[in-house]
Each structure stands twice: as structure tokens, then as C-alpha cells.
Amino acid sequence: MKEYNQFLRMHNMNRYAEMWDQQEAFMRLLCQKRGFPPYPVNLESNEGQKFIKNLTYECMGELFEANQELKNSKSHRVTENHHFNRDAYVEELVDCLHYFFEIAICSGVNQDELYEAYMKKGEKNFQRIENGY
């Protein structure tokens, strides 16, 4: 079972790396064709922080667009809306993920750093729940 879990982890890491690499390739294309700024940006500078904030707002916008697909989420709604456009919902989540990777890359965060921090925080979250947080 341990070997299988390691296999799954490596398979998933390869998928994660593939998504990250695709985003970096797209960003290089944007630099060549659309005047996208060089990255990573200087996070100590006013301009660098503004750039990251703007990307963050774009990411949040995509997340809000995903929320617009959740028609039954209104607390005052009595009737059920049985139409859920899963494809549109997933597409908006993917748009958000593209921006998320872009934010990380432009901030100078690499795949390993993000992965390690994610796993460390995940472990902390598990411990919190186990300890009655």
C-alpha cells in the first residue's frame, strides 16, 4: 500500500508540474506577444506589489464568476433551480487556478516551495482538528 501511495503522489506531482509548466509557457508567450512584464517581479517595489494585487483581483474575479453558477446558494430562495452548468463552473475554477499559478510564478515562488508550504500547512490543519481547534 505504501508503494501505491507513493506512486499516486508522484503521478499527481507530475500533473501539478505539467499545469505549472504550461502556465509558465503561456506567460513566456505573453511576454513575447503582449508586453507582459518580466518575472518574478520585485515584491519590495510599489510597481511589483501593484502588479501582483491586480493579478489577485483577476483571480478573485474568476472565483466570483464560478460562484455565479451556484444558483441554489441564495438563502432566501424557496424554489430549487435544477440547472447547474458544471462545465461553466469548472471552467471558471480553472481560470482561477491559471491566475493562482501566475501569481505564484510572478511572486518568485517555485513549485517545490509552494508544495512544501502547502503540505506543512495541511499537516497543521489536521493537527488543529485532532486537537479540538
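The model is predicted. Its largest nonpolar core holds 15 residues, and α1, α2 and α3 each supply at least two residues of this core. Several residues of the loop between α1 and α2 are treated one by one below, among them Phe-36, Tyr-39 and Val-41.

**The nonpolar core**

- Within the largest nonpolar core of 15 residues, the members that touch the most other members are Trp-20, Met-27, Phe-36, Ile-52, Leu-55, Ile-103 and Cys-106.
- The helices that each supply at least two residues of this core are α1, spanning 2–34, α2, spanning 46–67, and α3, spanning 86–106.
- The largest share of the core comes from α3, with six residues.

**Helix α3 and its end**

- Helix α3 is made of 21 residues and reaches 30 Å from its first C-alpha to its last, which is close to the 30 Å expected at 1.5 Å a residue.
- The buried residues of α3 are Ala-88, Glu-92, Cys-96, Phe-101, Glu-102, Ile-103, Ala-104, Ile-105 and Cys-106.
- An α-helix has 3.6 residues a turn, so residues three or four places apart point the same way.
- Phe-100 is also found in helix α3, but this residue counts as partly exposed because its relative accessibility is 39%, which lies between the limits of 20% for buried and 50% for exposed.
- Together with Met-19 and Leu-97, Phe-100 forms a nonpolar patch on the surface, and the three residues have about 250 Å² of accessible area together.
- Just after α3, Gly-108 takes a positive phi of about 85 degrees.

**The loop between α1 and α2**

- Phe-36 lies in the loop between α1 and α2, and it counts as buried because its relative accessibility is 14%, under the 20% limit.
- Leaving aside neighbours within four places in sequence, Phe-36 is in contact with Met-27, Leu-30, Cys-31, Phe-51, Glu-102 and Cys-106.
- Tyr-39 has its place in this loop as well, and with a relative accessible area of 22% it is partly exposed.
- The C-alpha atoms of Tyr-39 and Glu-102 are separated by 9.8 Å, although the two residues are 63 residues apart along the chain.
- The peptide bond from Tyr-39 to Pro-40 is cis, with omega near 5 degrees, and Pro-40 is likewise found in the loop between α1 and α2.
- Val-41, which lies in the loop between α1 and α2, has a relative accessible area of 15% and is therefore buried.
- Beyond the residues up to four places away in sequence, Val-41 touches Gly-48, Phe-51, Ile-52 and Cys-106.
- From C-alpha to C-alpha, Val-41 and Ser-107 are 6.0 Å apart in space, while in sequence they are 66 residues apart.

**The loop between α2 and α3**

- Lys-71 has its place in the loop between α2 and α3, where it counts as partly exposed at 34% relative accessibility.
- Setting aside neighbours within four places in sequence, Lys-71 is in contact with Arg-77, Asn-81 and His-83.
- The C-alpha atoms of Lys-71 and Gln-111 are separated by 35 Å, with the two residues lying 40 residues apart along the chain.

Technical notes:
Residues are numbered from 1 along each chain as its sequence is written. This is a predicted model: local features need pLDDT of at least 70, side-chain atom pairs count only at pLDDT 80 or more; totals for chains, interfaces and linings use all residues. Side-chain values use heavy atoms; hydrogens and water are left out. A nonpolar core is a set of buried Ala, Val, Leu, Ile, Met, Phe, Trp, Tyr and Cys residues joined through side-chain atoms within 4.5 Å. Buried means under 20% relative accessible area, exposed over 50%, partly exposed in between (1.4 Å probe, protein chains only). Helices (H or I, at least four residues) and strands (E, at least two) are DSSP runs, numbered from the N terminus. Contact means heavy atoms within 4.5 Å. Patches are made of residues with over 30% relative accessible area and no salt bridge: like charges are joined within 9 Å, nonpolar side chains (Val, Leu, Ile, Met, Phe, Trp, Tyr) within 5 Å. Accessible areas come from the Shrake-Rupley method with a 1.4 Å probe; for residues, only the protein chains shown count as cover. A salt bridge is a side-chain nitrogen of Lys or Arg within 4 Å of a carboxyl oxygen of Asp or Glu. The expected span of a helix is 1.5 Å times one less than its number of residues.
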